[in-house]
Amino acid sequence: MTNSKLKNRHYRINPETLQLERIEHGFRYWLRRSGGYVIGGICLGVIFFYTFLYFFPSPREASLMQYNRNLSAQIEVMDQQLDQMQIVLTDLAQRDDNLYRAILGAEPIPLSARMGATHQISYYDSIAHMTNTQLAADIQRKVDILEKELYVQARSYDEVLQLAKNQEVRMENIPAIQPVLNKELKRMASGYGWRIDPVYHIRRFHEGMDFSAPVGTDIFATGNGTVVYSGWRQGYGETVEIDHGFNYSTRYAHCSKRFVRVGQKVKRGDVIALVGNTGKSTGPHLHYEVHYLGKPIDPRNFYFYDLTPEEYDKMLQISSNMGNTMD
């Protein structure tokens, strides 16, 4: 008998005869044995299958993964653009409420009206679940808000335009130009707000704007009105004050010479005085104030006939100087 045949046979020792006896295996033995091999093979195949799927995506899956990455990058760019659009729209809304509507005597639009009613939170939650990303829901929310704000802002500008058409006299009287020639914005020395007093070196509120200019430079009336003061004021030196009606008035201080008298009617652009260095002044300049309802307000909101939007933005930066005033 060959060795190969012996290897395929199984024997056992008979305890009674102490002799080797051949073990005969039946069908069930071979069925269990072959079943074990089959099950083991299947398990091993499954392991290899899922390992391959995990580490080696199919061409279609690889294409979808790349598409998702590109889509995510585009959504992030859109999200950033929406943020920039929101900044611009917020700036427009602030100018509308604090400048255009204030000039025309219209009430500011309430924030609740600008924001309006958007979708319920559950709506955005459903979007997040559908797209499996919160970013898509966030962008949808921003789009809804922008859409509402743009609509309200457009309606507001229509209202402002109509108010302007109906108030031509008001627009002629309200201060709307710079009081000295300053197209290149090089004569602006200090703006409205808290500043350092050049004489007492303490922090105090500066109620107007300073325009540095040589003695003798023309000073213009910034709107139609009536001269209500022309003379010397303590601290201000030679001063001219104009009542423009509609609760607005202007003050021009530290003049070297005055050309108008009390009660005189003036028009926007008329030369009413010359720049000087009188009163509490540290150098030749014009101190200019705008008053509404008897209280000083920021003059830089009243140069809209003089400046383009780009020049206006530049003027805002210059006038924000927090250094010393000239008076």
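## Core, aromatic pairs and selected residues of a predicted chain

Phe246 lies in the loop between strand 9 and strand 10; helices (H or I, at least four residues) and strands (E, at least two) are DSSP runs, numbered from the N terminus. Phe246 is not a glycine, yet its phi is positive, at about 55°. With a relative accessible area of 35%, Phe246 is partly exposed; buried means under 20% relative accessible area, exposed over 50%, and partly exposed in between (1.4 Å probe, protein chains only).

The model is predicted: local features need pLDDT of at least 70, side-chain atom pairs count only at pLDDT 80 or more, and totals for chains, interfaces and linings use all residues. Residues are numbered from 1 along each chain as its sequence is written, and side-chain values use heavy atoms, with hydrogens and water left out.

**Chain overview**

The chain has eight helices and 14 strands. Of its 327 residues, 34% are buried. The mean pLDDT (the predictor's confidence in each residue, from 0 to 100) is 77, and 69% of the residues score at least 70. A contact means heavy atoms within 4.5 Å. Of the contacts with a separation of 6 or more, 66% are between residues 24 or more positions apart.

**Nonpolar cores**

In soluble globular proteins, nonpolar side chains tend to be buried together. A nonpolar core is here a set of buried Ala, Val, Leu, Ile, Met, Phe, Trp, Tyr and Cys residues joined through side-chain atoms within 4.5 Å. The largest one holds 27 residues, and the members that touch the most others are Ile219, Val240, Ile242, Tyr252 and Ile272. At least two residues of this core come from each of strand 6 (209–212), strand 9 (237–245), strand 10 (248–258), strand 12 (271–275), strand 13 (285–292) and helix 8 (309–319). Another core, of five residues, lies apart from it and includes Ile75, Leu82, Ile139 and Leu146.

Which residues does Val240 contact, leaving aside its neighbours within four places in sequence? They are Val227, Tyr229, Ser230, Thr250, Arg251, Tyr252, Arg258, Val260, Ile272 and Ala273.

**Aromatic pairs**

Rings of Phe, Tyr and Trp (its six-membered ring) pair if their centres lie within 6.5 Å; planes under 30 degrees apart count as stacked, over 60 as edge-to-face and the rest as tilted. The count comes to five aromatic pairs. Two of them are tabulated.

| Pair | Centre to centre | Angle between planes | Class |
|---|---|---|---|
| Phe211 and Tyr303 | 6.4 Å | 75° | edge-to-face |
| Tyr248 and Phe302 | 5.7 Å | 70° | edge-to-face |

Phe211 is in strand 6 and Tyr303 in the loop between strand 14 (295–297) and helix 8, so this pair links distant parts of the chain, 92 residues apart. Phe211 is buried at a relative accessible area of 0%, and Tyr303 is buried at 1%. The other pair also links distant parts of the chain: Tyr248 is in strand 10 and Phe302 in the loop between strand 14 and helix 8, 54 residues apart. Tyr248 is buried, with a relative accessible area of 2%, and Phe302 is buried with 5%. Tyr248, Tyr292 and Phe302 form one aromatic cluster.

Tyr229 is found in strand 8 (residues 225–233). Its C-alpha atom is separated by 5.5 Å from that of Val240, 11 residues apart along the chain. Beyond four places in sequence, Tyr229 is in contact with Thr239, Val240, Glu241 and Val262. Its side chain reaches the backbone oxygen of Trp232 at 2.5 Å.

A charge sits over a ring if NZ of Lys or CZ of Arg is within 6 Å of the ring centre and within 35 degrees of the ring normal. The charged end of Arg233 sits over the ring of Tyr229, 3.9 Å from its centre. Arg251 lies over the face of Tyr236, at 4.6 Å from the ring centre.

Glu238 is in strand 9. Its side chain makes a polar contact with the side chain of Arg258 at 2.5 Å; a polar contact is a pair of N or O atoms within 3.5 Å, where within protein one must be able to donate a hydrogen and the other to accept it, and residues adjacent in sequence count only if both atoms are side-chain atoms. Not counting residues up to four places away in sequence, Glu238 touches Gly231, Trp232, Tyr252, Ala253, His254, Cys255, Arg258 and Thr278.

His254 is in strand 10. Phi of His254 is near 70°, a positive value in a residue other than glycine. His254 is buried, with a relative accessible area of 1%.
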